[in-house]
Amino acid sequence: MTTASVSPPASRLLFLPWLILFAMLGATWFVWDHERQNARKELHTQFDFALRDTVSRIEQRVAAYEQLLRGVQGLFATTGLRSRQAIHDYVEPLRGDPNLSGMQVIGVIERVPSARKAAHVRAIRRLGPADYSIHPEGEREIYAPVIQRESYSGRHQAPLGLDTWANPVRRLAMETARDSGLAAITGKVQLAIDNGVEGNPGFIMYLPVFAQGQPRDSVTQRRDSLIGWVYASFHMRDFMASLYGRQAEGLAFSIYDGAVPSDAALMYRNREAAGGALSAKEYMVVASHTWTLTLVTQEEFENRFGRDISLIIAVAGVSLSLSMALLAWSMISGRARALLLAAKITEELRHMAQHDSLTGLPNRALFSDRVQNKLAHARRQDRRFALIFLDLDKFKPINDKYGHSVGDLLLRQVARRLQDSIRASDTVGRLGGDEFVLLIGDLTGAADALALAEKIRQEVRRPYTINGHQLTISCSLGVAIYPDDGTDELALTKRADEAMYRAKDSGRDSVQLAN
């Protein structure tokens with residue numbers, strides 16, 4: 001009697017299903033881990049950018065108001081501190097300027113030693129108002145009364161004569177400005193124009209005024225030659241509303257007076273923070289004073305920049321791995337077909353991880369890889385290339401009117417037109433929503449990039465026919481050139497994004513260069 005046995009080649013085939021299973025599970029893990037890390041990296045990158053952008057916008061706004069005060073300070077080079085008409089004539093043209101909407105009052109403070117108090121009061125009464133007096137009452141060595149107050153908005157009135165030197169918070173800022181010769185702001189205060197009504201925190205910026213022709217190189221000389229201050233007061237809520245640019249959506253941020261956040265030190269909060277995935281605390285020194293900024297991501301921000309499809313990849317990959325292993329087991333005699341199918345599915349998994357599911361364009365991860373390759377090539381060959389951000393104008397009304405199915409078909413047609421407008425060596429990617437990005441290589445100058453961007457803008461404007469509807473849409477484009485506008489991906493991305501938002505702010509349907 002003979003015993004049946006499996007031949008060596010057939011025996012080895014029994015390991016094929018297991019080999020396929022482990023290989024595909026390994027590929028699934030690689031794609032899953034890549035997507036998870038990329039989503040986390042993208043969220044951190046956008047959050048860090050939003051934090052730096054917020055700090056920069058606040059610092060720029062404070063600097064702008066400081067320059068305005070320096071203009072007032074400069075008036076006293078040709079006129080006296082009590083020249084009420086000069087200050088009034090300076091402020092009057094500024095009323096109603098939206099760029100200065102965060103400011104409440106511009107005013108003048110005179111330094112008055114106790115020995116000159118009575119003479120000071122008589123002099124100011126002669127100039128008006130006749131009932132002028134220094135308050136709060138009491139004998140002090142130095143007084144610093146407000147002798148003129150020009151309301152920027154015209155909504156507030158408060159009597160003159162308030163001795164700001166008597167308030168410790170105001171006095172600290174005034175001393176800092178006096179000793180440094182620079183602008184200084186107070187901590188959290190209640191403005192006098194609010195007449196004691198609480199609930200609207202504010203701060204005041206002071207700039208010293210020195211006697212003409214007197215030395216001021218040292219602290220002692222500056223103290224001896226000081227004759228007063230000019231100041232501007234702000235409600236924190238209006239100051240934040242006046243910042244240049246646009247705050248990224250989906251972020252909760254708060255500003256606190258000093259370096260220790262607390263309810264008592266809170267100066268501004270745009271919304272309640274609900275425990276986001278990322279948070280940061282940034283200390284800012286603005287006009288010789290410390291503010292603490294806290295920033296927390298919210299669901300809207302995380303969904304926009306932290307889209308993570310790793311779970312879908314894991315489930316799909318494991319399912320496909322098991323299916324392929326079972327298929328290989330059932331097709332043990334047709335191992336060539338099984339291996340071919342396994343390779344095809346693996347390729348489909350890779351494609352799924354690197355391409356947008358709606359348009360088939362490269363997604364953020366693949367586009368970033370191509371930008372890195374283009375950077376390396378441009379550095380080696382001393383070449384130039386362009387990064388173009390494109391955002392469709394008023395896409396949401398189309399979704400609302402015709403439905404998301406029509407909106408998705410419109411996005412696909414836009415994607416095809418963008419691909420048809422560039423060379424095979426260039427890249428079009430979709431960042432999400434109605435945002436696209438283009439990588440254009442081998443440029444001779446900015447004129448080439450502008451010409452191509454204008455061609456794309458005209459191509460997008462051509463009418464679309466979708467489900468019997470005639471649709472028209474425009475786009476706004478921002479163009480950044482390597483190396484003129486940046487030498488790394490983050491810098492180029494930021495400059496192109498800023499240029500695109502300038503195109504939107506200037507009326508949409510236009511192209512803007514980063515520089």
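Modeller: Let us begin with Ile185, which lies in strand β5 (residues 184–185); strands here are DSSP runs of E with at least two residues, numbered from the N terminus. The model is a predicted one, in which local features need pLDDT of at least 70 and side-chain atom pairs count only at pLDDT 80 or more, while totals for chains, interfaces and linings use all residues. Residues are numbered from 1 along each chain as its sequence is written, and side-chain values use heavy atoms, with hydrogens and water left out.

Ile185 counts as buried because its relative accessibility is 3%, where buried means under 20% relative accessible area (1.4 Å probe, protein chains only). Leaving aside neighbours within four places in sequence, Ile185 is in contact (heavy atoms within 4.5 Å) with residues including Ala173, Phe203, Val286 and Trp291. Of these, Phe203 stands 18 residues from Ile185 in sequence, and their C-alpha atoms are 6.7 Å apart.

Phe203 and Trp291 also belong to one aromatic cluster, together with Tyr65, Phe234 and Phe239. Rings of Phe, Tyr and Trp (its six-membered ring) pair if their centres lie within 6.5 Å; planes under 30 degrees apart count as stacked, over 60 as edge-to-face and the rest as tilted. The rings of Phe234 and Phe239 have centres 6.1 Å apart and planes at 75°, so this pair is edge-to-face. Phe234 is buried, with 0% relative accessibility, and Phe239 is likewise buried at 0%.

Notes
Helix = DSSP H or I, 4+ residues; strand = E, 2+ residues; numbered from the N terminus. Buried < 20%, exposed > 50% of the residue type's maximum accessible area, 1.4 Å probe, protein only.
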